[in-house]
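Please look at the sequence and the structure shown here before reading the report, and keep them in view as you go.

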There are 2 protein chains.
Amino acid sequence: MIIRIDTVSTTPIYVQLRNEIVKGIGRGELSEGECLPTVRQLAADLGVNSMTVSKAYQTLKAEGFIETDRRRGAVVRAGVQSGAQPDERYREKLEGELELLSAEAKIKGFGREEFIHLCSMAFAGMEG
Amino acid sequence: MIIRIDTVSTTPIYVQLRNEIVKGIGRGELSEGECLPTVRQLAADLGVNSMTVSKAYQTLKAEGFIETDRRRGAVVRAGVQSGAQPDERYREKLEGELELLSAEAKIKGFGREEFIHLCSMAFAGMEG
DNA sequence: TTATTTGTATAATATCATATAATACAAATA
DNA sequence: TATTTGTATTATATGATATTATACAAATAA
């Protein structure tokens with residue numbers, strides 16, 4: 001998977017990295033159990049510091065998206081999430097962000113159908 | 001409209017303020033043409049600095065959500081947005097954010113129907 | 001064993017964003 | 001004239017961000 005970083009953006013690099021990897025997992029470009037590049041390798045590829053990559057991995061780990069194994073490195077977490085009970089904390093976070101997006105879209109002139117269409121298209125872009 | 005600020009949050013106060021006002025406009029609690037509190041008044045109510053409120057207002061102004069009038073102060077921008085051509089820049093921003101939310105939701109185990117339902121409910125919470 | 005690689009920890013440093021404080025200005029109103 | 005509006009400026013303090021350098025435990029490969 002190719003990751004691009006915008007060094008001009010106000011979004012911290014480690015957040016950009018975290019977001020790109022999450023989207024890669026969502027799209028299926030990164031499969032469950034697949035190893036991510038090592039922090040040093042990815043840092044070298046992107047021209048950033050290895051601690052910045054490490055911070056992105058730690059964020060992903062804390063959020064349950066990956067696990068770190070001393071033997072294999074960083075690994076995409078297997079389908080624990082697809083099963084079991086939905087994460088209530090995440091649900092509230094998602095609802096809050098959708099509320100803000102809905103308000104912005106509404107004010108910007110988007111109708112309900114158009115908004116839902118965009119949501120549907122975005123989700124369709126994910127694996128499965 | 002009542003605005004609450006979380007001083008512990010990592011989200012900057014001026015961003016929280018901006019978000020709350022956007023949601024207030026979206027819900028219809030703040031009508032087009034309605035005056036917002038003065039920067040000093042809102043700052044006093046919230047116990048923050050007036051420049052922090054000013055920064056939130058400037059952000060809202062730059063995004064086209066409000067206008068500032070020396071006579072009336074900060075005013076919710078009238079329906080320029082509901083008409084005219086959709087803002088292409090905003091559309092891309094929206095699509096990008098929906099892509100990330102979709103990826104997270106997908107990984108967290110949400111199905112298409114559930115995700116769309118949440119989007120629909122969020123938009124339904126907006127005026128109109 | 002030894003050498004290497006893994007993620008991680010630590011410390012020092014630099015830069016920028018954030019927030020506050022105090023003061024001041026032009027424009028408009030009462 | 002006095003007041004209020006948003007805004008500008010300057011100074012200051014704090015925290016987030018990013019880099020650099022070094023080091024560690026754990027596991028693998030030689």
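## The model and its confidence

This is a predicted model, in which local features need pLDDT of at least 70 and side-chain atom pairs count only at pLDDT 80 or more, while totals for chains, interfaces and linings use all residues. Residues are numbered from 1 along each chain as its sequence is written, chains are lettered from A and ligands numbered from 1 in the order in which they are written, and side-chain values use heavy atoms, with hydrogens and water left out.

The pLDDT, the predictor's confidence in each residue from 0 to 100, averages 90 over chain A, where 93% of the residues score at least 70.

## Two copies of the protein

Chain B superposes on chain A by a rotation of 180° with 0.0 Å of shift along its axis, at an RMSD of 0.0 Å, using least squares on the C-alpha atoms of residues with pLDDT of at least 70 in both copies. That is the relation of a two-fold axis.

## Around DNA strand D

Counting a residue as near a strand if one of its heavy atoms lies within 4 Å of it, 22 residues surround DNA strand D, and A:Ile13, A:Asn49, A:Thr52, A:Arg71 and B:Thr38 are the closest. Sugar and phosphate account for 63% of the atoms of DNA strand D that come within 4 Å of the protein.

Phosphate oxygens of DNA strand D lie 3.4 Å from a polar side-chain atom of A:Tyr14 and 3.2 Å from a backbone N or O atom of A:Asn49. A side-chain N or O atom of A:Arg40, by contrast, is 3.5 Å from a base nitrogen of DNA strand D.

## Around DNA strand C

DNA strand C has 21 residues around it, of which A:Thr38, B:Ile13, B:Asn49, B:Thr52 and B:Arg71 come nearest. For DNA strand C, 66% of the atoms within 4 Å of the protein belong to sugar or phosphate, and the rest to bases.

Here B:Tyr14 places a polar side-chain atom 3.3 Å from a phosphate oxygen, and a polar backbone atom of B:Asn49 is 3.0 Å from a phosphate oxygen. The side chain of B:Arg40 has an N or O atom 3.4 Å from a base nitrogen of DNA strand C.

How values were computed
A polar contact is a pair of N or O atoms within 3.5 Å; within protein, one must be able to donate a hydrogen and the other to accept it, and residues adjacent in sequence count only if both atoms are side-chain atoms.
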